[in-house]
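Please look at the structure shown here before reading on, and keep it in view while the paragraphs below lead through its parts.

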Amino acid sequence: MNARSLNLVGLGLVGVVGVAFLVLVPRVVELDVVLELTVYMIMAILALSLALVWGYGGILCFGQSAFFGLGAYTYAIAMFNIGESTVPLLLAVIVPAAFAALLGYFMFYGRISDVYLGVITLTVTLILFNSINSTAGPEFHIGSARLGGFNGIPGIPPLNFPGNKAAPIDLEGMFYLATAALLATYFGLRLLLASRFGRIIVGIRENERRAELLGYDPRAYKLATFTIGGALAGFAGCLFANWGNFVSPTIFGLAQSAQIIIWVIVGGRGTLIGPIVGCIGIQWLTTALGANQPSGGSDLWAKIFANAPLIFGIILIAFVLLVPKGLVPTLGDIGQSLLASRGKGAKRLQPKRAEEG
Amino acid sequence: MAAPLLQTQDLSMHFGGVRAVRHVNFSLAEGELRCLIGPNGAGKSTFFKMLTGQLEPTHGQVLFRGKDISHAHAHDIARLGIGIKTQVPSVFDGLSVRENIWLAANRLHAGDKTRRVVDEMLTRVGLTEAADRLVGQLAHGQRQWVELGLVLATDPELILLDEPAAGMTHEEVNKTAELVREINRTKALIVVEHDMQFIRMIAKQVTVFNQGSVLVEDTVDNIMRNPQVRDVYLGKQAAA
């Protein structure tokens, strides 16, 4: 089996598992689990946005949560003002994308180096955090939507079927929507990465100067990648605001920003399925650890396991040191070497292709 | 006489107090093959970087087909038709040989045409066997060939080669010289090289750089006999 057919098998597998998950879950598990899985799906879309921007575009963005938060806030504000969800949903994609385009324009066309790019994106999300955080007074409102400062915006109306205000999407509907959106995002990105555009951005990630000397303008390609990433993160933010009917400034916070990076590192840069696995795995762990609160006892282990940031710190360090490529690429390597040894060296290791992942 | 393909006027590059290139007036005719020689630090690589837009000159102009490209972006210059093979191979290490060549061919062609051009180029640089291997895993000599393939696949008018024979075996040097002569049948070239054997195989006209300026410009044979050139540079090789 060559790399290309292996690639197709992988793609088919993701499709089958994805559709089975979509169809079976609401029929098999309780509603509270469905609700929990819905937020995993939403966050996985956010993870995919950074997988594109960082994993394939080579742009280390520490502030992907800025676009996520902007998407959530835009949806909330537009929803209170408009009442029907079609336009708010579109705005929740367009506003973060436009913001990413503007920020990206100054960063890429200003030839900001990689390290500063990380610093700037992180700073931007923290500025948003502080700004929104200090809008608690009644004087801060956009139209009929109060920003609510550190209290956030509660009671955000849910999405409705396009054009029909009287038909809101219920909890189970949200699960279908989020899961279908995740699958669509995954396959859409696979297509994008297999296209000319996708192959060029991977080339720029590999060697920006060489791409330039071949006649590609890296600034334009990076800006486009960054903008698509912003749009995707905004879309995920919109779904997130729907999921809890609530949004607060912590969405822009340091913890949220760091988490997205951890998902991608753990799952594997340069793949799409990796960050999805990393995202779902870590969130599942968060829930599991949260359920494990010490009940007033003095059991040291219980206390340690209840300290989620500590556990995540350990996981992150372990991955960076021991599994630097991330879960999925490492498993892939192991699988390939098994295949190669079974074929008695007849098959050479195939290089990774741009459209793989 | 026809207008030169490439011309520099009073071209200078200063890094702080260091004058890497000073007042260089250089001219290359259509279809010409020119060798640049000179000791390390003579400014040859800096000169190349200014021609390709990787450095913006402090003073002076670069004219390509009469158009001033001194302040143009590297990607625009590449599109105008100047290609460069750098001293240390600059390739896409994490991608396969085929994908590397594809990235170059893709800028000019689309679809099936691209695939055909890629296959032809793989044959031309002798890398068909290695097409699906990662470039980062290839030997130094092969990576040089990959880079040459990249440059040729963008079909430039003028090709700059920075030490194409460096680190190659005797056999590879011969093969490279042959390829350079073949490329010169349709394209102009400027070749930076230290290997005088190699230069004799390919060049007629040689420009000698020293301390950022053009020391002398003459035929290969005259350059070899020039005592001034021997003093600054050739001493060792000429005596050998």
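Predicted model: local features only at pLDDT ≥ 70, side-chain atom pairs only at ≥ 80, totals over all residues.

Two residues are said to be in contact if their C-beta atoms, placed from the backbone, lie within 7 Å. In that sense the contact between the chains takes 17 residues from chain A and 23 residues from chain B. Helix H7 (196-206) and helix H8 (208-213) of chain A each supply at least two residues of the side of chain A that touches chain B, where helices (H or I, at least four residues) and strands (E, at least two) are DSSP runs, numbered from the N terminus. H7(A) gives the largest share of that side, with five residues.

Residues are numbered from 1 along each chain as its sequence is written, and chains are lettered from A and ligands numbered from 1 in the order in which they are written.

Turning to chain B, its secondary structure comes to nine helices and 10 strands. Six strands form an open sheet in the order S6-S7-S8-S3-S9-S10, with mixed pairing, and two strands count as paired if DSSP finds at least two bridges between them. Strand S6 (82-85) and strand S10 (213-219) of chain B each have a single partner strand, so they stand at the edges and one side of each is left without a neighbour in the sheet. S6(B) pairs with strand S7 (residues 158-162) of chain B in the parallel sense over four bridges, and in S7(B) the bridge partner of B:Lys85 is B:Leu161.

Helices pack on this sheet as well. Helix H1 (residues 44-51) of chain B touches strands S3 (33-37), S6, S7, S8 (188-192) and S9 (205-210) of chain B, and its direction makes about 150° with that of S7(B); axes are lines fitted to C-alpha atoms, for helices over the stretch in contact, and angles run from 0 to 180 degrees between N-to-C directions. Helix H5 (residues 140-153) of chain B touches S6 and S7 of chain B, and its direction makes about 180° with that of S6(B).

Finally, the C-alpha atoms of chain B fill a box of roughly 50 × 40 × 40 Å, taken along the principal axes.
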